[in-house]
There are 2 protein chains.
Amino acid sequence: MPVPEALTALAKILGDRLSRSKSDLDLHGRNETYFPFAPPDAVAYPETTEEVAAIARICAQHDCPMTGWGAGTSLEGHALPVRGGISVDFSRMNRVLQINPQDMDCVVQPGVTREALNQELRATGLFFPVDPGANASLGGMASTRASGTTAVRYGTMRDNVLGLEAVLADGRVIRTGTRARKSAAGYDLTGLFVGAEGTLGLITELTLKLQGQPEAISAAVCAFDEIGPAVETVIETIQMGIPMARIEFVDAATAAAVNAYSGASFPEMPHLMVEFHGSEAGVAEQAESFGALVGEHGGHGFDWSSRPEDRNALWTMRHNAYYACLATRKGATALVTDLCVPISRLAEAVEETRADIAAATIPGPILGHVGDGNFHAILLVEPGNTAELDEAKALSHRMVERALRMGGTATGEHGIGMGKLGYMDKEHGAAWDVMGALKQALDPNNLMNPGKMVRQG
Amino acid sequence: MPVPEALTALAKILGDRLSRSKSDLDLHGRNETYFPFAPPDAVAYPETTEEVAAIARICAQHDCPMTGWGAGTSLEGHALPVRGGISVDFSRMNRVLQINPQDMDCVVQPGVTREALNQELRATGLFFPVDPGANASLGGMASTRASGTTAVRYGTMRDNVLGLEAVLADGRVIRTGTRARKSAAGYDLTGLFVGAEGTLGLITELTLKLQGQPEAISAAVCAFDEIGPAVETVIETIQMGIPMARIEFVDAATAAAVNAYSGASFPEMPHLMVEFHGSEAGVAEQAESFGALVGEHGGHGFDWSSRPEDRNALWTMRHNAYYACLATRKGATALVTDLCVPISRLAEAVEETRADIAAATIPGPILGHVGDGNFHAILLVEPGNTAELDEAKALSHRMVERALRMGGTATGEHGIGMGKLGYMDKEHGAAWDVMGALKQALDPNNLMNPGKMVRQG
């Protein structure tokens, strides 16, 4: 096992920024959900691209795996170094390098978190819109092609990364994309590295698109007897071109959980929560047009507001919905599913899932990003109860099969990581072999986050 | 030379849909701009994916190059079979296979043109927004990552292809993406094939996003003394979040050409032409907000209208601007440049280019998609005058160098083809080698559109 030689060489260049402390190894071997503990042999804390390149050259020389680490908020165990080697922790590469207000872009290191970036942007009137809920690192968000509540308006990380710098498995440093808004110059390497989960290289810099803070924001909430008419309302809203900045669904169980957790008083019914960005007159008009559609589809209690305090309360409740669901079962851990289907199939997918969970012994509130056809069941499992975990996995398995049958995907935004690798063949068929060929071309010795993404030898 | 054996085998499966007629070879050896005639050895007209796959298997067996052909509207000679072999002409694969109004997507064969698709969509209230001007095929548009006047609002082909089917160099058929709106499942192969210019495979089917026809459209036109304040107006409009569906720039020379060609009466000054999509009240508000910014920046003659006839007249003039410029010099052919820079550098890039052209002996009106920082100089050359063509190439060369120096790209939307291959090294550096490695992984015998995109051995 050549890793010890790699560690000796790495310690020479990194000093005490190569850590083998138990607490560091423990932290980088854990994950947010249910995957087994898998610690690295050491944790490297590079401070520059040149250091990352030097790390990669040493690891290549000694055949030592490298797995990137951002904020550790992945729900699919992406950052677990399942074949050992080193975790490359980007927390010291956390500077915002440029903010270009005229071009509405910025250049950041991968360890900057989304909240830290938005804090720095506050004075500029700009913001970075991708919002997965957790205060993830932007490098991690790019690597997992993250999205969240605002994707319906602003897109996913795929749409918001203009270019990047990456260190390849052999230590070469490449730059992809430019600061131009569009380009037809060659293969879209930016798009290839976004969502590659660190298996093709380590992202060391990102150029991101920014958005102007809207002049006005309005938010609305309403209840429905069934999911079907709620989805119909959303479909018609989109078809009419009413631009929603967020359009979220929570089921009755989630509404009840939010009531208990946040002291809200939602009726225990399916709800839509929506936000509009635009001019004062524009957001008022949009909310009213949306309200009319809600009424046509039998929605109840439609209420909209442009007061920031009402809006913040609503989205705080939505962001805390995951914790609210967890709190309904004391001490529970969650297996969180992440289907995404064509929106025409969404109501059917949610209803089938709802019925499947109702027949199980474990609870599983459902919530999601209805404008994208993406929803999550939060399957609540007693820690250490393997029967329950197996039941959750079986529910999750049937959900994925359902999504694929409906022309959708196993994962809308959480990524493959450890949890969805078993579905790559079924979802992609021969295209999965193409992914393997690309991996082989760029990382022939399988040192970049090995054990993930491609067919395992 | 093994091509004759390939042709014999191809004729067996295609019959008279493998053509060696002079007119067919001539047509597929020509291009819209200035590249030398380069005919194929034969033209194949497949009708199904299975036939394309069979063609690829035969070509692979006999080492015969394959180059896709859509509508032949490329400005960079993409479809020229510069190393011989066969042109694969997709004109018989021109069916719209699915229109899914609820999901706002459709599935098309690659030979469908953009106008034909929009014609079929007319009754649905939906439209496909990407508009490069020419009535290109959608397969060609995807392969070249085309965009045009509406990219500022609706994005480029990168943003509007949800998934695709492609035939690889060895005849394997793959499907990328799904009909879900987003996915975090694996490498973004859709993005890799969009813009690959047929060098990784032949696209045989596309799943495209559609947009709802806006309730109302308003258009506006205004003049400026200089390009600088025009660009400032656009930057502030974008920063304020006023959603422009089109925002086009034409310089004084183009305005004069349009007057002569279309009987318009624009002052001979730089102009902005803009379009807004939304509700009745929304587009009125947007036009007025934009008009206020125009006034603040010293713009003249601001005039907006939501009457379809006014709007159509404006965009017909804009779409004909290329022909209007050509008509200013009888019998001229054009070398059309395609820079794209960060918008903060756009005024400077246009001004430097303007001065450079003014010092040359050939005319070169400038127009472009100012919201994307993308502009074209239409360099007008007397056919057969090699001194003029050399001068145009030298101007184009300095323009590309200028774009790269300003953090931009050699091509915003026309692609690499034959004309920009010489800039790939400078624009991409080590990333160009990565492109070569990907090409090698998927097409090791260099049969897919050889002579393009990657470093030439």
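Me: Why is the meeting of the side chains of Lys182(B) and Asp372(A) called a salt bridge?
Reply: Their N to O distance is 3.2 Å. Across the interface of chain A and chain B, the rule finds 6 salt bridges.

Me: What should I know about the model and its numbering?
Reply: It's a predicted model, where local features need pLDDT of at least 70, side-chain atom pairs count only at pLDDT 80 or more, and totals for chains, interfaces and linings use all residues. Residues are numbered from 1 along each chain as its sequence is written, chains are lettered from A and ligands numbered from 1 in the order written, and side-chain values use heavy atoms, without hydrogens and water.

Me: How do you know that chain A and chain B are in contact?
Reply: Contact means heavy atoms within 4.5 Å, and 77 residues from chain A and 77 residues from chain B take part.

Me: What makes up the area buried between the two chains?
Reply: Buried area is the accessible area (1.4 Å probe) that two parts lose on being put together, summed over both. Here that comes to about 6100 Å², with 58% from carbon and sulfur atoms. Arg158(A), Lys182(A) and Tyr187(A) supply 16% of what chain A buries against chain B, more than any other three residues.

Me: Where are the domains of chain A?
Reply: The assignment, which is automatic or from a database, gives domain 1 (3-91), domain 2 (94-212), domain 3 (216-322) and domain 4 (324-415).

Me: How many salt bridges are counted between domain 2 and domain 3 of chain A?
Reply: The count is 1 salt bridge. Asp131(A) and Arg246(A) also meet in a salt bridge, at 3.4 Å from N to O, and that value passes because the limit is 4 Å.

Me: Why is the ring pair of Phe290(A) and Phe302(A) called tilted, rather than stacked or edge-to-face?
Reply: Rings of Phe, Tyr and Trp (its six-membered ring) pair if their centres lie within 6.5 Å; planes under 30 degrees apart are stacked, over 60 edge-to-face, and the rest tilted. These ring centres are 6.0 Å apart with planes at 55°, so the pair is tilted. Phe290(A) sits in helix H11 (residues 280-296) and Phe302(A) in strand E15 (residues 300-305), 12 residues apart. Helices (H or I, at least four residues) and strands (E, at least two) are DSSP runs, numbered from the N terminus.
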